[in-house]
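Let's walk through this one together, starting with a single chain and then looking at how two chains meet.

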Amino acid sequence: MTRRRAPTTRRAALLALPAVVPIVLVVGVSLTAAALQSFGLMPFIGPPQFSADAWTRDADELVRSTVTSTYVAMVSTLLSLVVGFVLAAYVLAIPRMGRIVEALSAATIPIPHVIGAGAIGLLLSDSGFLERLLGMPEAFPALVSGPWFVAVIAEYAWKESAFVALVVLGSISRSVGDLCDAAATLGASAGQRIVRVALPLSAPSLAVSAAIVFVYTLGSYEAAWLLGPTSPEPLPVRAVRLFTSIDLAARQQAMATALVSVAVSAAVIIIAILVLRRHRSLS
Amino acid sequence: MRVILGCLLVVWIVAPMVPVLLWSVAGQWRAPAVLPSSYSLQGFTALATPDTARAAASSLSLGLGVAVIATPLGYLGALAIRALPVTPSRFVEFVLLAPLAIPPFALVMGINVALLRLYVSPPLGVTLVLAVTALPYTAFMFRSALASYDHRFEEVARSLGASPGQAARHVRYHLLSSATARAFFLAFLVGWGDYITTLLIGGGQLRTLPLLLGSAASTTGNEQLTAALSVAIILPPLILLAGLTLPGVRKRRQ
């Protein structure tokens with residue numbers, strides 16, 4: 001058995017190479033180069049010289065960007081999960097209307113975020129479509145470029161709730177029907193079936209999509225740049241501004257900012273994995 | 001109650017696209033008018049420039065390039081995950097998912113220096129980085145397809161006298177064709193709709209449709225152009241998506 005397995009394993013390992021090598025190369029080179037550059041060891045011009053300046057200079061600004069990005073990502077993720085689950089539950093519970101909702105929601109998935117951001121801009125901006133619909137009230141708040149990133153969060157929640165619904169539907173649509181029928185024969189109401197059957201069944205897929213949505217929104221540039229205020233800056237906006245600055249020293253700070261966002265993403269993913277493990281060992 | 005919730009959900013999904021569609025065909029539309037006071041196609045005629053055509057060609061070739069690279073590599077990765085023993089299989093899985101965990105702008109900023117030092121041309125560099133970004137999607141599309149794939153079909157073909165190549169060509173490729181189409185579509189979207197990677201690596205040399213859109217949307221008073229460009233970017237993938245899903249739906253109905 002082992003003599004037969006060794007060559008197939010080797011063949012399988014060879015199969016993996018074309019996919020694994022480019023990823024390892026790109027990710028490895030990228031993270032190493034970013035780290036070296038952030039410490040001044042890989043300067044654009046001139047000799048390399050170690051300095052932690054990029055990490056210590058304007059450190060409070062870096063912290064503020066991290067807090068801002070985490071806030072935007074957290075609220076967006078929460079909203080996407082809630083709306084995404086409601087979408088999925090509706091599609092499963094109401095056959096005909098549900099199919100329309102499902103098709104419309106799936107149709108938004110291919111829309112790139114830069115277009116979503118442009119669209120939300122036309123909808124929510126000052127004298128945008130929503131304000132016109134409401135009859136141009138005096139007290140219309142500054143949703144675009146406002147202090148609470150409302151338009152940015154709206155864009156993420158809009159795009160990502162469709163993604164969450166897709167993931168949840170894909171993972172529970174096969175099993176949920178029978179279980180809901182069983183619950184119904186035992187006398188469970190529609191609300192109870194959703195809260196007691198569909199919600200626990202979708203918990204793992206909700207956790208996975210929460211991690212994906214959080215990491216995505218934390219690192220996404222377009223909506224934060226087009227719809228956010230100029231200050232405080234989320235991490236991607238700060239990093240891109242520093243990266244494209246004519247001051248070459250700003251590059252070091254851009255790399256530090258990029259690495260901070262990588263670290264926050266990694267931390268969130270590790271937390272998600274731990275939560276999922278625990279969930280699995282409990283059930 | 002059900003109908004109200006359904007309508008609310010439809011409004012949630014459709015609302016952002018309504019002003020886009022209206023602006024794309026609006027002639028004059030001044031606040032506080034709820035609807036445009038006149039309609040025209042000037043937004044779309046403004047797109048008929050060599051500049052936009054070049055950008056469309058760049059977007060198309062970027063999308064196709066990313067899909068052509070990431071789809072077969074994703075398939076190989078998924079095959080390897082299935083065939084390898086547990087520990088190496090977990091490792092391959094981890095590597096294939098890793099690009100999802102790294103914000104795209106961070107990935108690009110780090111790799112940019114290496115691409116510059118190796119004199120990789122911007123279009124090639126953008127395609128390579130985006131193919132890596134798209135690999136998790138294609139690999140896991142194939143992984144879920146292979147998980148429900150029944151190998152006995154191939155065995156039957158083999159026992160009926162088909163060579164391994166014939167079995168793969170006539171059985172496996174057919175059974176995996178819809179997963180391949182979906183994987184190709186997802187990878188195409190990564191290239192077609194990308195903004196930040198193209199902006200940072202392309203350094204302004206590579207102008208794609210999303211880049212044109214970004215510069216139109218970031219300045220005020222460009223609503224018509226922004227909307228018309230948005231429609232022009234969304235429509236091709238939506239048509240492709242409909243082409244991919246409708247035959248399947250019809251088959252299931254029959």
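Chain A is built from 11 helices and 0 strands, so reading from the N terminus you get α-α-α-α-α-α-α-α-α-α-α, where helices (H or I, at least four residues) and strands (E, at least two) are DSSP runs numbered from the N terminus. Keep in mind that this is a predicted model, in which local features need pLDDT of at least 70 and side-chain atom pairs count only at pLDDT 80 or more, while totals for chains, interfaces and linings use all residues. Residues are numbered from 1 along each chain as its sequence is written, and chains are lettered from A and ligands numbered from 1 in the order in which they are written.

The C-alpha trace of chain A spans about 80 × 75 × 30 Å along its principal axes. Of its 283 residues, 46% are buried (20 or more other C-beta atoms within 10 Å of the residue's own, with C-beta atoms placed from the backbone).

Now for the inside. Beyond its neighbours within four places in sequence, Ala187(B) is in contact (backbone-placed C-beta atoms within 7 Å) with residues including Val66(B), Ala70(B) and Tyr137(B).

Where the chains meet, 71 residues come from chain A and 70 residues from chain B. Helix α1 (residues 2–38) of chain A gives the most to chain A's side, with 20 residues.

Key:
Buried ≥ 20, exposed ≤ 12 C-beta atoms within 10 Å, placed from the backbone. Contact = placed C-beta atoms within 7 Å.
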